[in-house]
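Here's a quick briefing to read alongside the model. Keep the viewer open and click along as you go.

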Amino acid sequence: MRPLQPPTALVLSGGGTRGAYEVGVVAGIAEVLDSDPSGGPLFNIFAGTSVGAINAAYFAANADSHDHRVERLADTWQSLRLNDHARVRPLGLAPLPETLRRWAKSAMPGKSLLDTRAVEVLVRRTVDWERLHRNVDAGIVRAVMVAALHVVSGRTTMFTEGAPGVHIADTRDERRVTAFERITADHVLASAAIPLLFPTRKLGDHYYCDGGLRFNTPIAPAIRAGAERLIVISVRHSRSVREVAAVEAADHAEMQNLSPFFLVGKLLNALLLDPVAYDLQVLDRVNQMMEVLEETLSPADLERFHRVWVRHRGSAYRRIKTLTFTPSRDFGKLAAEYIRSSPKLKELSGIARYLLERASREQPEAEADWASYMLFDGGFAHELIAIGRADARARAAEILAFFG
């Protein structure tokens with residue numbers, strides 16, 4: 001298998017069920033390139049948070065295939081069943097009597113509103129963990145990086161598995177730390193553990209939860225692993241100025257009319273998705289700054305500039321070729337439409353059905369942001385994958401230029 005040059009990273013953000021969109025984009029990229037099955041993979045550096053960590057681990061485990069066997073992952077997403085993956089535990093967050101505590105500990109993974117046993121089985125079975133390690137050891141994959149939040153300290157831990165001989169500079173950011181170890185299903189499940197909805201995970205002596213709360217798009221770690229090209233996939237729909245103005249003009253809701261479901265959805269957006277836009281803006285500014293500095297500074301002055309940044313942040317700045325994908329449709333609105341039209345809701349238990357119906361009813365703009373994170377249904381995933389494919393195909397010229 002020919003080596004991939006230059007090093008190319010796939011950076012995937014978190015967002016629950018919205019992660020199906022990421023699979024659609026990768027599938028669309030593979031279709032546009034129509035690459036040679038005997039050639040190298042599309043990517044050899046993988047960085048992800050939350051559901052992005054699940055997808056990233058799968059793609060790394062399948063980097064021995066030119067298209068990362070993306071269609072198999074698409075099939076897995078489209079096979080999800082609400083009855084299996086949307087089970088609500090009414091007493092999942094309540095304190096238990098001592099007599100029930102031991103039983104609960106063995107029967108359930110921890111305190112959470114959702115029963116996550118089906119998700120855990122899915123993650124462990126979908127990713128071939130031994131093949132992932134073989135790909136790293138063989139140098140097919142330069143690095144796999146998974147972000148999780150250390151619960152007690154509030155610092156983000158970037159769990160990192162690197163290929164032999166690959167130098168990955170540690171961060172100087174006090175909010176983050178790098179831990180070099182084999183990536184397992186437990187690391188990925190910890191990265192995807194949205195507080196209250198999913199149980200925290202113990203890795204070693206410490207507890208971790210969803211890395212997206214502090215670091216949803218791990219761009220910098222991918223760069224420190226040597227990436228010279230970045231594909232960044234966000235699951236946040238970027239509204240135009242006109243769309244934002246229309247929303248503000250139509251907003252006549254009073255505070256008492258805003259349901260908890262609407263507010264939780266907006267909170268998840270603020271925690272998990274809004275920082276992504278800022279991270280991408282910073283990356284673009286750095287690329288522009290480096291272009292100007294490379295054109296104006298002498299080689300000696302440019303070297304001095306790099307030495308200063310290595311001292312402060314652990315690695316030098318450099319221009320990175322970047323291609324970013326964001327959804328062309330609002331997934332909150334799409335979730336509301338899907339819930340209202342899907343007959344599968346009738347299959348759900350009473351509480352889960354009630355929560356989803358409330359999430360899609362009587363909301364401003366008919367949004368269901370909360371549901372768009374938790375709607376673990378193959379039909380909904382199919383729609384998100386289709387949007388991802390279409391978004392990639394629409395940018396075929398850019399994709400060909402990027403990989404060309």
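Predicted model: local features only at pLDDT ≥ 70, side-chain atom pairs only at ≥ 80, totals over all residues.

Residues are numbered from 1 along each chain as its sequence is written, and side-chain values use heavy atoms, with hydrogens and water left out.

**Strands and pairing**

- Helices (H or I, at least four residues) and strands (E, at least two) are DSSP runs, numbered from the N terminus, and two strands pair if DSSP finds at least two bridges between them.
- Strand 4 (residues 156-162) is mostly covered, with six of its seven residues buried (buried is under 20% relative accessible area, exposed is over 50%, partly exposed is in between, using a 1.4 Å probe and protein chains only).
- Strand 4 pairs with strand 3 (residues 143-150) in the antiparallel sense over seven bridges, and T156 in strand 4 is the bridge partner of L149.
- Five residues sit between strand 3 and strand 4 in their hairpin, where G154 takes a positive phi near 75°.
- Strand 4 also pairs with strand 5 (residues 176-180), this time in the parallel sense over five bridges; A179 in strand 5 is the bridge partner of F159.
- Strand 3 and strand 7 run antiparallel and are joined by three bridges, with L149 standing opposite C209 in strand 7.
- Strand 6 (residues 201-203) pairs with strand 7 in the antiparallel sense over three bridges, and K202 has Y207 as its bridge partner.
- The hairpin of strand 6 and strand 7 has two residues between the strands, and G204 there takes a positive phi near 65°.

**Helix 3**

- V70, L73, A74 and W77 are buried in helix 3 (residues 70-78).
- They cover an arc of only 105° around the axis, so they end up on the same side of helix 3; the arc is that of the directions from the helix axis to the C-beta atoms.
- Why would that spacing work? An α-helix has 3.6 residues a turn, so residues three or four places apart point the same way.
- What covers the buried residues of helix 3 includes helix 1 (19-33), helix 2 (51-61), helix 6 (117-126) and helix 16 (378-393).

**Salt bridges**

- The structure holds 12 salt bridges (a side-chain nitrogen of Lys or Arg within 4 Å of a carboxyl oxygen of Asp or Glu).
- E120 pairs up with R201, the closest N and O atoms being 3.0 Å apart; this links E120 in helix 6 to R201 in strand 6, 81 residues apart, and both E120 and R201 are buried.
- E161 bridges to R182 at 2.6 Å between the closest N and O atoms, linking strand 4 to the loop between strand 5 and helix 8 (185-191), 21 residues apart.
- E161 is buried at 3% relative accessible area, whereas R182 is partly exposed at 39%.
- R329 and E337 meet in a salt bridge (3.4 Å, N to O); R329 is partly exposed at 37% relative accessibility, and E337 is partly exposed at 39%.
- Salt bridges that share partners join E31, E71, R389 and R393 into one network.

**Surface patch**

- V151, V152 and Y207 form a nonpolar surface patch, with about 320 Å² of accessible area together.
- Y207 lies in strand 7 (residues 206-210) and is partly exposed, with a relative accessible area of 44%.
- Patches are made of residues with over 30% relative accessible area and no salt bridge, joining like charges within 9 Å and nonpolar side chains (Val, Leu, Ile, Met, Phe, Trp, Tyr) within 5 Å.
- Accessible areas come from the Shrake-Rupley method with a 1.4 Å probe, and for residues only the protein chains shown count as cover.

Definitions and conventions
Contact = heavy atoms within 4.5 Å.
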